[in-house]
Number of protein chains: 2
Amino acid sequence: MDGLSLIGARRVAGSAIFHGIEAATGAPLPGDFSVTPPEALAQACELASEGFDAYRETTPEQRATFLETIATAIEARAEAIIARAMLESGLPQGRLTGELARTTGQLRLFAKVLSEGVWAGVIIEPALPERQPLPRPDLRSRQIAVGPVAVFGASNFPLAFSVAGGDTASALAAGCPVVVKAHPAHPGTSLLVGEAIAEAVATCGLPEGVFSMVQGPDHALGTALVANPHIKAVGFTGSRGGGMALMAVAAARPEPIPVYAEMSSINPVILAPAALADKGEALAKAFVGSLSLFAGQFCTNPGLVLALEGPELDQFLTHAAQALAQVPAQVMLTGGIAKAYQQGIATLQSQSGVEVLATGVESGGTVEGAASLLAVAASALLANPALTHEVFGPSSLVVRCRDTAEMLAVLEGLEGQLTATLHIVEADYPLAASLMPVLERKVGRILANGWPTGVEVSRSMVHGGPFPATSDPRTTSVGAMAIHRFLRPVCYQALPDALLPAALQAGNPLNLPRHQFD
Amino acid sequence: MDGLSLIGARRVAGSAIFHGIEAATGAPLPGDFSVTPPEALAQACELASEGFDAYRETTPEQRATFLETIATAIEARAEAIIARAMLESGLPQGRLTGELARTTGQLRLFAKVLSEGVWAGVIIEPALPERQPLPRPDLRSRQIAVGPVAVFGASNFPLAFSVAGGDTASALAAGCPVVVKAHPAHPGTSLLVGEAIAEAVATCGLPEGVFSMVQGPDHALGTALVANPHIKAVGFTGSRGGGMALMAVAAARPEPIPVYAEMSSINPVILAPAALADKGEALAKAFVGSLSLFAGQFCTNPGLVLALEGPELDQFLTHAAQALAQVPAQVMLTGGIAKAYQQGIATLQSQSGVEVLATGVESGGTVEGAASLLAVAASALLANPALTHEVFGPSSLVVRCRDTAEMLAVLEGLEGQLTATLHIVEADYPLAASLMPVLERKVGRILANGWPTGVEVSRSMVHGGPFPATSDPRTTSVGAMAIHRFLRPVCYQALPDALLPAALQAGNPLNLPRHQFD
């Protein structure tokens, strides 16, 4: 592993070096990784811009083949990728095997979306020369790619939200070249996946600038990438602070650009009274399973639970506390994340009115996170909104509500979220119905009788939501709708057929679905 | 005309007063207009928020009826509206009659769009309980309104881009309550139209907060409106400075929100050589007609013309100069706009290399703008990008290009634009084809053998484009696609039918079109 940056078809060295870190030990891993020099970053953006016009006008079938070629190239490297990702992320083999399948499945979903053609948004309005008082010219529009896109790899999904993750897949599908800033916690995993993409670019005969990958441990590189004038949109999954910093850079450019940042969510779960009475013990076990899965390092971790106080809730908490006390401490993604979790939990525990119900098995180590179950009265939470800030890791805060009005008040007070979950049986439907309006305003996905972790990559999925869950609630970073982030409409008026793009020509050579309005 | 603010169903007075100004004389018009007090603005936003959940869940048919009721109420007041708008804007009766028809046509277009239901974006993915390795839950998504929207009336379209203009129509169609900040240059026109909307709200039995209108001559009111936490999106048509100021306010909020600002465009027109040789004189006359129409006060005014130097261009310029010299000075929308135009032209004329080819008939008055035709060599323009800044009014700058490479360089150097126009005959197609990639990157609409003024309100229209033409090139402020600015997707996972919104229920009670993926 040479640790070089992938700048179009070239591999570029830098003078500064950094290393991958083994999550479980904090020790450096083999491989000297070059910090991408500023001039190489600039060249990656220049190449992306040079390749843009040609790449965006490849046929949907050509791009579909490209995405499938990437998937196949990743599968060919699966063993090496998973082995390296286990070391760099501390995540177990089974999880990473599933995540790799999700990553290739995502690429193939976008290949299918491209072939179907709805994404192209073709609208045709033929000329109406006899119309009164004025004739209508021939008008037709389609969606075209916005331009080169910067994608930031996420710490918590080293494959599915990283170099070849959903942001990259949807941007490449839309026709946008991509410059990836790899996450510094998994440089080796990123390089292996980046090589797969670069190989697919060459195999498919595409312009080299369609894909580049830069690496480095500090923020300057990402800032320079977002500030580069060739970049026209940004995809990011990470912390609220990180996302907001990129939003500020993007807004301050001479030409401001959109940032699609998926940032911060505590994913409220409502345990309705009849459901709690019917199946409290089973819910308690499933809840602890969801909150501690892979050390709770999910954007959709159930970090806030709302229920009406009473003996059913007490029983639920007893069962949950028993289950959680047995959860072993788990290695977290990075030492920094483990430390932030430990500090976040300590701060939360010290807040007025917060009870510590249970703590998982502690390891005493600095790279692990022990699960934590906390509770608080709704009145105390309403008085202290800091209690609703995300603590990334295996913890959850249960809010005891005196009545449904107080439950509603807590929900109304929340910031935007990725998800909200209702645990309900039929007797709870009236309560659930009364909560739906606020949930619809606050979140991107509402689910019943499940857990928010485990996001389906599909056509209707919304992994998004109002700020600060994301920077832009009008879209999603998971699922087929994500392609629309990287498209913009262009209208063609009275152009001769010979000058129209293939998507809009009379003969419909790309065989795209069309909306025609006579 | 009592000059009061429309705060929901109430009419509210303020202690400060301002007046409409007769564009042609600069004299105050009858009517004392209250500057909306801050607490009344806050109440308008509060009412919008209170009415939001009920309004967004009205049926598409209810909202369609509402939009049609507004159109009818405007038509009932047409005579008074046009009479007042003529005084306040200086625009002639014929133009305003057409603009009123366009405004009601826009409202009715969105009523039709609502009835068709595609806007709702319904996607259904039924549960797949047997799927391996994991079952798929039932997933379904739809588009819902983003929340209360702030709309800023534009100076140059006192009806079609104002109180009941495209931003308001598309936001109301999406299910968003609207708080309009009327343009201070036409408070009386705004009040008459606002009363029509308020009457329609009452007639249709909608929550009063669905519409409010605030008035005032200075920026503080608009800033407070955009900063109000109940507001979730902003529609604006106006100057680059104004749009960017609102973007900054929106980005600095604790919860940043999108601003759809349509700002600045010089709308390049390419006169290809064979077209110029074939029909230079006719083009010259049509060009002068387009640039001076209603004192050139259009976002789509053809402010920059590119052609290859040579005798055909010289002849075109001779004809254009002759025609332009006869154009009478026209009253501009406001004294401020007239002054800015006069100063802008003076600055442009003083730039190195700029030739004054012709000036229209000058009035010597302070409220009129005289047409102006300027020319410059492409090399001088490339050395001085300030020459491409918009001067709002009846002027255009012709760029003499030595060759097509220089023409391409000028186009590549331009900022984002609303439109680009190609005047071509068949012999010019190869040149036009070579320009298409850069035009597609730079503009929202490309047209052939016409003039960019006169924007069709239709399904495929894109009145948008890259910054600074707009703040967000992914959408349009004219035409049916504008509704998408005010919608966001929400996904429902495994919800019982009883809790699903009607749009997603098994029986499809709203009869919306659905995409189903089994």
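Okay, housekeeping before we start. Residues are numbered from 1 along each chain as its sequence is written, and chains are lettered from A, with ligands numbered from 1, in the order in which they are written. Since we're on a prediction, local features need pLDDT of at least 70 and side-chain atom pairs count only at pLDDT 80 or more, while totals for chains, interfaces and linings use all residues, and side-chain values use heavy atoms, with hydrogens and water left out.

Let's begin inside chain A.

Now for charges. Side chains of opposite charge can pair when their charged atoms come close. A salt bridge here is a side-chain nitrogen of Lys or Arg within 4 Å of a carboxyl oxygen of Asp or Glu. Between domain 1 and domain 2 of chain A, the count is 1 salt bridge. Elsewhere on my list, Glu415(A) and Arg240(A) meet through their side chains in a salt bridge, 2.8 Å from N to O.

On to the two chains. Here 64 residues from chain A meet 64 residues from chain B. The buried area between chain A and chain B is about 5,300 Å², with 60% from carbon and sulfur atoms. Which three residues supply more of chain A's share than any other three? They are Glu440(A), Arg474(A) and Leu499(A), with 14% of the area that chain A buries against chain B.

Between chain A and chain B we count 10 salt bridges. One pair is Arg131(A) with Glu456(B), where the closest N and O atoms are 2.5 Å apart. On the side of chain A that touches chain B, there are 38 nonpolar, 7 polar and 19 charged residues. For those classes, Ala, Val, Leu, Ile, Met, Phe, Trp, Tyr, Cys and Pro count as nonpolar, Asp, Glu, Lys and Arg as charged, and the others, Gly among them, as polar.

Another salt bridge joins Asp53(B) and Arg441(A), with the closest N and O atoms 2.7 Å apart. That pair crosses between chains, from helix H1 (residues 38-56) of chain B to helix H14 of chain A. Helices (H or I, at least four residues) and strands (E, at least two) are DSSP runs, numbered from the N terminus.

Strands cross over too. E21(A) runs parallel to strand E20 (residues 443-448) of chain B, joined by 3 bridges; two strands pair if DSSP finds at least two bridges between them. In that pairing, Cys491(A) has Arg445(B) as its bridge partner.

Last bit: the backbone. Most residues other than glycine have a negative phi, and most peptide bonds are trans. In chain B, the peptide bond from Gln132(B) to Pro133(B) is cis, with omega near 0°, and Pro133(B) sits in the loop between strands E5 and E6 of chain B. The bond from Phe467(B) to Pro468(B) is cis as well, with omega near 5°, and Pro468(B) is in the loop between E20 and strand E21 of chain B. Where is Asn267(A)? Asn267(A) lies in the loop between strands E11 and E12 of chain A, and its phi is positive, near 50°.

Notes. Contact = heavy atoms within 4.5 Å. Buried area = accessible area lost by both parts, 1.4 Å probe.
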